[in-house]
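Student: I would like to go through the labels used for this model and see what each one rests on.
Tutor: Here it is; ask about any label you like.

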Amino acid sequence: MNRVDVLMEAMPYIQKFHGKTVVVKLGGHAMVDPDVLDTVIQDVVLLHYVGMKIVIVHGGGPEITNKMKAMGKEPKFVGGLRITDNETLEIAQMVLVGKINDGIVSLIAKFGAAGVGLSGNDGNLLIAKKMAMQKIMVNEIEEEVDLGHVGEIEEVNPEILERLLESGYIPVITPIAIDRKGLSLNVNADTAAGDIAIALNAYKFINMSDIDGVMNAQRTRIYHRLNYSEAMNLIKDGTIVGGMIPKLSACLKCLDNGVRHCHIINGNKDHNLLIELFTHDGIGTMIKKKS
Ligand SMILES: Nc1ncnc2c1ncn2[C@@H]1O[C@H](COP(=O)(O)OP(=O)(O)O)[C@@H](O)[C@H]1O
Ligand SMILES: CC(=O)N[C@@H](CCC(=O)OP(=O)(O)O)C(=O)O
């Protein structure tokens, strides 16, 4: 394709997405290569300049795990959620707020736009309650586990985000919420991102991870398009397991609550965000309510 064809293919999408709100979740596994992260943020800045209202929600699970190990702590997860004691919460805040969030905001500045870093306590953005005890099986006996400072989101107050977007900033959100007493809680970044997309009545929710899209059980092909019931069936029949479950569940909740399109794409490859949004075929998986 020549260069003009590329731009012409993008034009109807640029028109359609102008002024629309798009929530991009950047997973920890999608931020391991600093050079690729540079291209992801460059893409975000381009989307901003073609008139889309972009909100970034980031994770950082692998970096929290590394820091915990370096400090002699063994990370433990129940149902994909990190058991978070006092010290783990401090480590998570240090990594998520102090390092990753700040790093993304600086990269946005490097590429010529203005980001604003936020946690759940800024503008009461994410209000959560401590997650209930979780049941697990130990030697075929059911036991209850306390996850510690892990939150379940109860309320999202998007006003602060709307004001920032109106003023031309790109909000960058870290997945730490507060409870009604003002205490911090660690929340899963996929869930936080999906809930924020719903609260903003976003047009799109894009989840960037370390895999090319939703794949079949043998992991030999990607589903480029899925509708709601097809996605639901892939969870039920066990094709989707592990870390993909919260991602797809967040997508289904978004579709149930007015978000028009959800995408799961690989954030470890240069410019996948632009290819997914501005080409007819896309590159990852797009999920819509109806096909
Ligand atoms: N059907 C599936 N298609 C694609 N990935 C899947 C599927 N089922 C499970 N996965 C797993 O989900 C992982 C993505 O989740 P996770 O590692 O938690 O990502 P992140 O850290 O970006 O949030 C993939 O790397 C893959 O191993
Ligand atoms: C409660 C809980 O598990 N919180 C996550 C928050 C970060 C996250 O979700 O990061 P990814 O998107 O990279 O997985 C954690 O501590 O790892």
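Student: Which residues cover the two faces of strand 2?
Tutor: On one side are Lys53, Val55 and Val57, on the other Ile54, Ile56 and His58, and all are buried. This is a predicted model, in which local features need pLDDT of at least 70, side-chain atom pairs count only at pLDDT 80 or more, and totals for chains, interfaces and linings use all residues. Residues are numbered from 1 along each chain as its sequence is written, while chains are lettered from A and ligands numbered from 1 in the order in which they are written.

Student: Why is strand 2 called largely enclosed?
Tutor: A residue is buried if 20 or more other C-beta atoms, placed from the backbone, lie within 10 Å of its own, exposed if 12 or fewer, and partly exposed in between. Six of the six residues of strand 2 (residues 53–58) are buried, so the rest of the structure largely encloses it. Strands are DSSP runs of E with at least two residues, and helices are runs of H or I with at least four, numbered from the N terminus.

Student: What makes strand 1 and strand 2 a pair?
Tutor: Pairing needs at least two bridges found by DSSP. Strand 1 (residues 21–26) and strand 2 run parallel and are joined by six bridges, so they pair. Leu26 stands opposite His58 in strand 2.

Student: Why is Leu89 called partly exposed?
Tutor: Leu89 has 19 other C-beta atoms within 10 Å, so it is partly exposed. Leu89 lies in helix 4, where Thr88 and Ile91 are among the buried residues.

Student: What does Leu89 touch?
Tutor: Leaving aside residues up to four places away in sequence, Leu89 touches Thr84, His149, Ser184 and Asn186. Contact requires C-beta atoms, placed from the backbone, within 7 Å.

Student: How do you know what span to expect for helix 4?
Tutor: The expected span is 1.5 Å times one less than the number of residues. Helix 4 (residues 86–110) has 25 residues, and its 35 Å from first C-alpha to last is close to the 36 Å expected.

Student: Where does helix 4 bend?
Tutor: Helix 4 bends by about 25 degrees at Asn101, taken as the angle between axes fitted to the seven residues ending there and the seven starting there.

Student: Which residues come nearest to ligand 2?
Tutor: Of the 15 residues around ligand 2, the nearest are Gly28, Gly59, Gly61, Arg82 and Ala189. A residue counts as near if its C-beta atom, placed from the backbone, lies within 6 Å.

Methods. Contact = placed C-beta atoms within 7 Å.
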